[in-house]
Every structure is written in C-alpha cells, then in structure tokens.
Amino acid sequence: MLEIKGIETWYGAIQALKGISLDVKQGEIVALLGANGAGKSTTIMTVTGMLKPAKGRIEFLGQDITGMEAEEIAEIGIACVPEGRRIFPGLTVLDNLMLGATPRKRVSKEEIQKDLKRIFGIFPQLEEFKGRLGWQLSGGQLQMLAIGRGLMANSKILLLDEPSLGLAPVVVQEVFRVIQEINKAGTTILLVEQNARMALLIANRGFVLETGRVMLADTAANLLANEEMKQHYLGAHAHIKEARQRRRDEKAGA
Amino acid sequence: MDWSTNLQMVVAGLAMGSIYALVALGFVLIFNAVNVVNFAQGEFAMVPAFVAVWLMSYLNLSFAMTCVITVVFMGIFGIVFERIAYYPLRNRSFLPVIISTIGVGIFLKNGAQLIFGAEPLSMPRPTSPEALNFFGVFVDPQYIVIILCTLALLGFQYFFFEKTMLGKKMLATAQDKQMARLLGIRVATMIAVTFVYSSILGAAAGILVGPIFFVTKDMGAMIGVKAFCSSIVGGFGSIPGAILGGLFLGVIEVFAAYYVSSAYRDAFAFIILILVLLLRPQGIFGEKIAEKA
C-alpha cells in the first residue's frame, strides 16, 4: 500500500537518505530499525511530506504522493505519531484527541464519538484525564495520547516514530501490546524503533537502515535469527549501547 | 481625594486599559502564531479610526453602519497585511519579518497623513458628551461603552478558543506548527485568520478610543507602545496577561497622572515596564524562559 522507491533527502548540505526503498503491504506491521542517525525518522518525515525528497518516488495506494504538502498527505490516509509525541501542551487531552480527527472530511459527530470511545477503551487513563492539559501528563500518558490522537485520524496507515523512547519497561510492553491490537483491528503500521527485538517480535517484516541506506530487508523471523542482527542490534551488548544512547538522547532532549 | 474622584479614575483607567488590552491581545495572538512581534499593531487601531471618521463625517453614515463597515474593512486589511508583510517572508528568520512590519507601519502612518492631512480629526461621539451621574460618581458614558464592548469581545474570544474547533486549531498552530501540519491543519489559513482577528481587535480599539481622543496618524504609535508594554507586564505570550496587563497599566496611568504628575502621564507605563523587567522579567502571568525550552 505504501511504496518508497529510492528516495534521497537532504538537510541543507547533508544527505540523510541515500536512496531508501521499502514497501509496506496492507495489514502488515513493518519495523524500520537502525541506530541513531541511520535515517529512520527522516524516512518517516519524508513520507509525511514534512521533508521533500530530492530524488525518488513515494506511492500510496498506487497514487504518486511525492512532493505533496503534509496537510494533503494527512487527508489521504497517512497518520503519523512523530518522535517526541508532540502533544499540544496547552490543550486538554480531549482537545488533542479531537484535533487528531482533522484530516477526516465529511464525517459525522457520532462516528467521531464512536472512535473516541474506542480509544478510551484502549487507553482508559485518557478518559480519566481527558480534562487535563498536555503538559500535565507523564511520559507514558503522553505516548498513549499521541497514539490515540494518531488513531483518531482513522487512517489507512499509521507511522509510529520511536513509541517506546523514554518509557519504563512495563509501559513499553503496554505500548507494544496496543500496537498489535490496533494492527489486528485493521490499521497498517510502519514502526520505527531502536528497540529492535521488541519491534521484530510484533512485526511481519523489518528493514534495517545504516547511514541513509537499507542494509537488510527480511521477514521479522529471519531478522531475529540473523547473525549480524544478533551482534549489532539484538544482543545483550546492543541493549546496553542502546540504553546509553537513549540516556544521552534524553539529556539532549531535556 | 474623596472616593468618588478615585472611582471616576478607576473607570477612566479601565476604559483606557481596555484599549491597551485589545491592542495587546493583537500583539500576543500574532506573536504566538508566527513568533514575530508585529510592530504595526498600533496602526491596526489608527487605520480603523480614520476609516470610521471618514465614514461618519464625510458619508454621514450612522454609527452602527460605520462599525460594521469598519470591522469588515479591517478584516480584509488583516489578510492584505498578512500577504504583504508576513507571507512572502514566512520561511525567513524573525528579523526580516519585524523590519517588514515596521515598514508597513511607516507606510500606513504616512499614507494616513497623505489622505487625511496632518490636522487632527475628531470622531463624532456615539454617546452623549454629558457625564452620567452614578450616585455622585461622574462617568463619561463613552468609558462605559468602551468597557462593555471590550468585555463582550473578550467573552466572544473565550467562547471561540474554548468551544470551537477553529479556535482549537488556531491554538494548536500557535503551540506546534509542525505537528499541526501533520494532523492536516491548514497552518497558513490559521495564520491568516489570526491576522484577521488581530486586525478586528484593532478596529474595535480604534472605533472605541476615537471619540475620546483626536484621530491623528500618531495615535497608533502611542497606543501600540503602551499595548506592547501591557503585554510584557502581563507576561508576553499570555492571553490573560495581555488583558490584565492592559487594564493594570490603564489604571496606574490615570492615578499617577492625578497624584504624581500629569505632565509625565505617558512615562508611567514605561516606569512600570522597567520595574517589571527588573523584578519579574517573565511578567505577571509569564512562564520562566527556562520552562519554555
């Protein structure tokens, strides 16, 4: 349903993507893996239209969407939960959720209320805190709200950028369970993760990026068994590296 | 020093403060939407004052008709201003945009002089020039009109931002433009609507203050600077801060002019500004810069 063909994206004079090709089929969970700076988020941002590729082509449901504006891409059924959650801090939980439904045109109030109920069913905490402002929420609650807001778009595909970043292990488990649940309910998912093992455990296929290129592309089961993967992304050692990197990220982000 | 004099001054201060608050809100809304201080904001009150004088004195239109036409005119003015002063520079840093708003401000001032001449004009009063007597407190009815109209506008604005989706989309745009775009919110449209609304606030300020001041090309500069002080005193970027900052400065100004020195009336806003910047730089309602990062 989503096909990315050889995209190259630049930040000024720095080339972040050096010809990335990947595809996501209807109903799949596809994991996009790789270290910091490999180009995972850049790929997501290029698909959403926030960044424009210098070369290459992006197709969604057979339609060429390369170079389309982000607002239009949101309306044709691509929703994104970006890195860092990006919850509107001065708006309530409910407002944040309702704004998630912006791309849906000609939709009845009943239908939006039904989806809201469904999201409150998945994340009961959001209903409890629906009157709170964005900045008053904890990290886990923010992530749940971000995913919930992404779901309100009722999109055909949901792009999730690092949903586990900075969350306690129990909450990470919860988030991954929800991702599976959403997928079972019919939403196709492109999942960017540094936590490669967890991502591959729920994904159908995975793509591993390294410095702006796709290094490995295979089924999730094969990637989990792959020696190179074990060494660099899945081993105990990889986890320690990742944790260190994450702490550095958080410091840089704070 | 009797209570009725003090009460009269409170009413006069609140009326002037309302004008500052309306213009300060314009500053804050535009700043929140595009991260740029619009230095032509005072002119957003000067232009409608001239338009209203012209409609009433030369076309002999009724006050109500004048208000409607002026508000519509200023709505269009807001779009044109955005297209000329902001839109072509939207992807540049804040500096070119600030200079561009200063430039348009100068153009508007001199344009007003070119069209209407340098002589101060007076706007016909919609209210009686006779002061109303409230149990011994004499109040200019125009002050009452200013305060009531401002309250009505603030009520409308509260409803708009709290209860309508368009209002929420404007707030979302102000808080995180990139995320707003990802959600399919038409950010460029939201920004244009913000300029239109700020400009309509200016229309209200200009029409309301016109009858108690002379209408001159420089009236916008003084109101604009005081309104800018108000928004900083209240805490820049804060909507309640802009409103309360404006009212506070308005009242302080009247009292200081009476009890301290009427010759230095215009200086007190700046004294307050300096005191606030020294003692509480984030303003009354402002958040600390560190919390914002």
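Strand E1 (residues 2-11) of chain A and strand E4 (residues 55-60) of chain A pair in the antiparallel sense over 5 bridges. Two strands count as paired if DSSP finds at least two bridges between them. Helices (H or I, at least four residues) and strands (E, at least two) are DSSP runs numbered from the N terminus. This is a predicted model, in which local features need pLDDT of at least 70 and side-chain atom pairs count only at pLDDT 80 or more, while totals for chains, interfaces and linings use all residues. Residues are numbered from 1 along each chain as its sequence is written, and chains are lettered from A and ligands numbered from 1 in the order in which they are written.

**The sheet of chain A**

A:Glu3 stands opposite A:Glu59 in E4(A). Helix H1 (residues 40-48) of chain A packs on the sheet, where it touches E1, E2 and E4 of chain A. The direction of H1(A) makes about 70° with that of E2(A); axes are lines fitted to C-alpha atoms, for helices over the stretch in contact, and angles run from 0 to 180 degrees between N-to-C directions. The open sheet has 4 strands in the order E2-E1-E4-E5 (chain A), with antiparallel pairing. Strand E2 (14-24) and strand E5 (63-64) of chain A are its edges, each pairing on one side only.

**Chain B**

The secondary structure of chain B comes to 12 helices and 4 strands. Its radius of gyration, taken over C-alpha atoms, is 19 Å, which agrees with the value near 19 Å for a compact globule of 293 residues. That rule is 2.2 Å times the number of residues to the power 0.38.

| Property of chain B | Value |
|---|---|
| Box of the C-alpha atoms along the principal axes | roughly 60 × 50 × 35 Å |
| Buried residues | 48% of the 293 residues |
| Contacts with a separation of 6 or more that join residues 24 or more positions apart | 75% |

A residue is buried if 20 or more other C-beta atoms lie within 10 Å of its own, exposed if 12 or fewer, and partly exposed in between. Two residues are in contact if their C-beta atoms, placed from the backbone, lie within 7 Å.

In helix H6 (residues 165-175) of chain B, the buried residues include B:Lys168, B:Met170 and B:Leu171. The buried residues of H6(B) pack against H3 of chain A, and also against H1, helix H5 (141-163), helix H7 (177-182) and helix H8 (187-209) of chain B.

**Between the chains**

The contact takes 18 residues from chain A and 14 residues from chain B. On the chain A side, H2(A) gives the largest share, 4 residues.
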